[in-house]
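Here is a friendly walk through a protein model, starting from a single residue and moving out to the whole chain. Have the viewer ready.

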Amino acid sequence: MTRTNLYVHVNTVDKKVLSHPTEVPEHWSNIHSFSSLSDTELSDLSDKHHPNEAWIKFDSSFPVDDYTFDAGWVDGAKGTVKLVYKNQRQEAIKKGVSYNSIIFDADESTQTKINIKKDSSATSFKWKYNNTFHTLSKSDITAVHNALDDYIQKCYDMEATFVTQIESVSAPSGFTTFTLDSTWPSNTY
């Protein structure tokens, strides 16, 4: 099960938030496949040898006023949530760009190769993708170069929008509106 929301680790008796909002970890405290547990299973970890502990979705339904938070929690939470979005941006960029059904990695090496080819005097190039060689025209290479640049910039712009929202938060309740199910830019050109 892939979760797209933020969760917090809490003590259900002391009503204390023990972590910053983050995605449910894949493995936690010697519990393998922790991220595959349902919200109901996460809400009571007694049968997992963690009485009075839970991981609860930190969304608009979370009773913020019923829980206590350590001093400095908001600033630490900002960093944690920013890291979640940074990781999502990195994963989006790793998908690369699809141009004419050919995937071009968005890594520095590919960008450099495309840039060199774009500026060369040759009029066509062979590019290997999926164990097949494809002939690309100079205009194809220019289009791929522009697509890579456009896609990567859109991903950074989207992350910057999230960071601006995160920076505006001044209380724990401000984090309950963030969701990670935003659609990252299309990588098809």
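## One residue and its surroundings

Leaving aside neighbours within four places in sequence, His9 is in contact (heavy atoms within 4.5 Å) with Lys16, Val17, Leu18, Ser19, Trp28, Glu53, Ala54 and Trp55. His9 sits in strand 1, residues 7-11, where strands are DSSP runs of E with at least two residues and helices are runs of H or I with at least four, numbered from the N terminus.

With a relative accessible area of 10%, His9 is buried; that label means under 20% with a 1.4 Å probe, counting protein chains only. The side chains of His9 and Glu53 also make a polar contact at 2.5 Å, a term for N or O atoms within 3.5 Å, where one must be able to donate a hydrogen and the other to accept it, and residues adjacent in sequence count only if both atoms are side-chain atoms.

## How the model was treated

This is a predicted model, in which local features need pLDDT of at least 70 and side-chain atom pairs pLDDT 80 or more, while totals for chains, interfaces and linings use all residues. Numbering runs from 1 along each chain as its sequence is written, and side-chain values use heavy atoms, leaving out hydrogens and water.

## The whole chain

The protein has 4 helices and 7 strands, in the order β-β-α-β-α-β-β-α-β-β-α along the sequence.

Its C-alpha atoms fill a box of roughly 70 × 35 × 20 Å along the principal axes. Buried residues make up 38% of the 189 residues.

Technical notes: Buried < 20%, exposed > 50% of the residue type's maximum accessible area, 1.4 Å probe, protein only.
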